[in-house]
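Take a look at the fold below.

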Amino acid sequence: MSEARMQETPDYAPGTFCWVELATSDNEAAKKFYTELFGWTFADNPMGPDMVYTMLKKDDKEVGALYKMMPDIKERGIPPHWMSYAATPNADDS
């Protein structure tokens, strides 16, 4: 019987950057670029018929994610971009 593996959840201090996501126009090119640049690996997760959420990993730990921007976002002229998330104990209070 194989042992279940739990995902490590770091405890980030409030205000610390805790996650990054890349919204991209070409997820295959982005995966190739960042895996070669940083030595990351990736795991694709289907999120419906036309979307894949790709987890980026370093030493088997999740370090970020990327996804292909939806057509309506691109039509509004929004370019590919990184989003950075900061930790907070309570989003409503922040």
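Contact here means heavy atoms within 4.5 Å. By that criterion, and leaving aside neighbours within four places in sequence, Ala30 is in contact with Leu22, Thr24 and Leu66. We return to Ala30 below.

This is a predicted model, in which local features need pLDDT of at least 70, side-chain atom pairs count only at pLDDT 80 or more, and totals for chains, interfaces and linings use all residues. Residues are numbered from 1 along each chain as its sequence is written, and side-chain values use heavy atoms, with hydrogens and water left out.

Start with the whole chain. Its secondary structure comes to two helices and five strands. Helices (H or I, at least four residues) and strands (E, at least two) are DSSP runs, numbered from the N terminus. Along the sequence the pattern reads β-α-β-β-β-α-β. The C-alpha atoms fill a box of roughly 45 × 40 × 30 Å along the principal axes. Among contacts with a separation of 6 or more, 51% join residues 24 or more positions apart.

Now the surface. Of the 94 residues, 22% count as buried. Buried means under 20% relative accessible area, exposed over 50%, and partly exposed in between (1.4 Å probe, protein chains only). The accessible surface comes to about 7100 Å². Carbon and sulfur atoms hold 56% of that surface. Areas come from the Shrake-Rupley method with a 1.4 Å probe; for residues, only the protein chains shown count as cover.

Next, the sheet. In what order do the five strands lie? The order is E2-E3-E4-E1-E5, in an open sheet with mixed pairing. Strand E2 (41-46) and strand E5 (81-86) stand at the edges, each with a single partner strand, so one side of each has no neighbour in the sheet. From one strand to the next, the twist averages 25 degrees. Axes are lines fitted to C-alpha atoms, for helices over the stretch in contact, and angles run from 0 to 180 degrees between N-to-C directions.

Follow the pairings. Two strands pair if DSSP finds at least two bridges between them. E2 and E3 are antiparallel, with six bridges. Here Thr41 has Lys57 in E3 as its bridge partner. The two strands form a hairpin with five residues between them, and Gly48 in the turn has a positive phi of about 130 degrees.

E3 (residues 52-58) is mostly covered: five of its seven residues are buried. E3 also pairs with E4 (residues 61-68), again antiparallel over six bridges. Tyr53 stands opposite Tyr67 in E4. Two residues separate E3 and E4 in their hairpin, where Asp59 in the turn has a positive phi of about 50 degrees.

Glu21 stands opposite Met83 in E5.

Finish with helix H1. Asn27 lies in H1 (residues 27-38). Is Asn27 buried or exposed? Asn27 counts as buried because its relative accessibility is 13%. Beyond residues up to four places away in sequence, Asn27 touches Leu66 and Lys68.

Ala30 is buried, with a relative accessible area of 7%. Ala30 and Lys68 are 38 residues apart in sequence and 9.5 Å apart in space, C-alpha to C-alpha.
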